[in-house]
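Here are my notes on this one, as numbered points. Have the structure open beside you while you read.

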Amino acid sequence: MSSPAEGSDPEQTRRNIQQTRAELGETVAALTAKTDVKTRARSKATTAVGGLRQRVTQAGQSAKTTARQLAETMSQRASQHAKPVAQKAQQATTAIHDSARAGAQATGKAESALITSARAAITKIGSSVRAKPVPVLAVAGTAATLVVIASRRRWSR
């Protein structure tokens, strides 16, 4: 264990005892930490909660990205469907103007011809919308979606 020269030096013996006590204290602390079930459970729970928070945050970001992509796609589709409706409306407007001019020149009853043409155009536009309501609904749905997104952005700031 120790040589006679070491054993006879009391100072060396004290240092050896202090070192042994320190090592024994570290060993006891390590064993205590391993047997402290409550602290270990809290540590695991804290780690699990952190992992869940990270997953929830990632899922939220993914949902936002998906919603933005869907809104953009719907906006593009609505725009594509709205173009033919706008063209029909422009054609109907042109037809109304042309009918009004022709009626005014031919009969001198511009007011009557304009009213008749307007009624016909309104009927034509109404039947077009009733025949193909999807483009009109798509435009309305896209507008509503954009309003919701804009209001959420204002509230989140």
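1. Let's start with the charged pair. Arg14 and Glu11 form a salt bridge through their side chains, with the N to O distance at 3.4 Å. Keep in mind that this is a predicted model, so the contact is a computed one. As for the background, side chains of opposite charge can pair when their charged atoms come close. The 3.4 Å here falls inside the cut-off of within 4 Å, and the count for salt bridges comes to one.

2. Where do Arg14 and Glu11 sit relative to each other in the helix? Both belong to helix α2 (residues 10-35), three residues apart, which means about one helical turn separates them. On the accessibility side, Arg14 is partly exposed at a relative accessible area of 49%. Glu11 is also partly exposed, at 41%.

3. On the fold overall: the chain has five helices and zero strands. Read from the N terminus, the elements go α-α-α-α-α.

4. How much of the chain is buried? Buried residues account for 8% of the 157 residues. The accessible surface of the chain is about 13,000 Å², and carbon and sulfur atoms contribute 59% of that.

5. Now for contacts along the sequence. Take the contacts between residues at least 6 apart in sequence: 47% of them join residues at least 24 apart. Arg77 lies in helix α3 (residues 37-107) and counts as partly exposed, with 49% relative accessibility.

6. A word on confidence before you use any of this. The chain's average pLDDT is 76, and 74% of the residues score at least 70. Which helix has the lowest confidence, and which the highest? Helix α1 (residues 4-7) is lowest, with a mean of 50, while α2 is highest at 90. Where pLDDT is low, the predicted coordinates should not be read in detail. The salt bridge between Arg14 and Glu11 lies in α2, the helix with the highest confidence in the chain.

Conventions
Residues numbered from 1 in each chain as written. Predicted model: local features only at pLDDT ≥ 70, side-chain atom pairs only at ≥ 80, totals over all residues. Heavy atoms only, no water. Helix = DSSP H or I, 4+ residues; strand = E, 2+ residues; numbered from the N terminus. Buried < 20%, exposed > 50% of the residue type's maximum accessible area, 1.4 Å probe, protein only. Contact = heavy atoms within 4.5 Å. Areas by Shrake-Rupley, 256 points an atom, 1.4 Å probe, with all protein chains shown as cover. pLDDT = per-residue confidence, 0-100.
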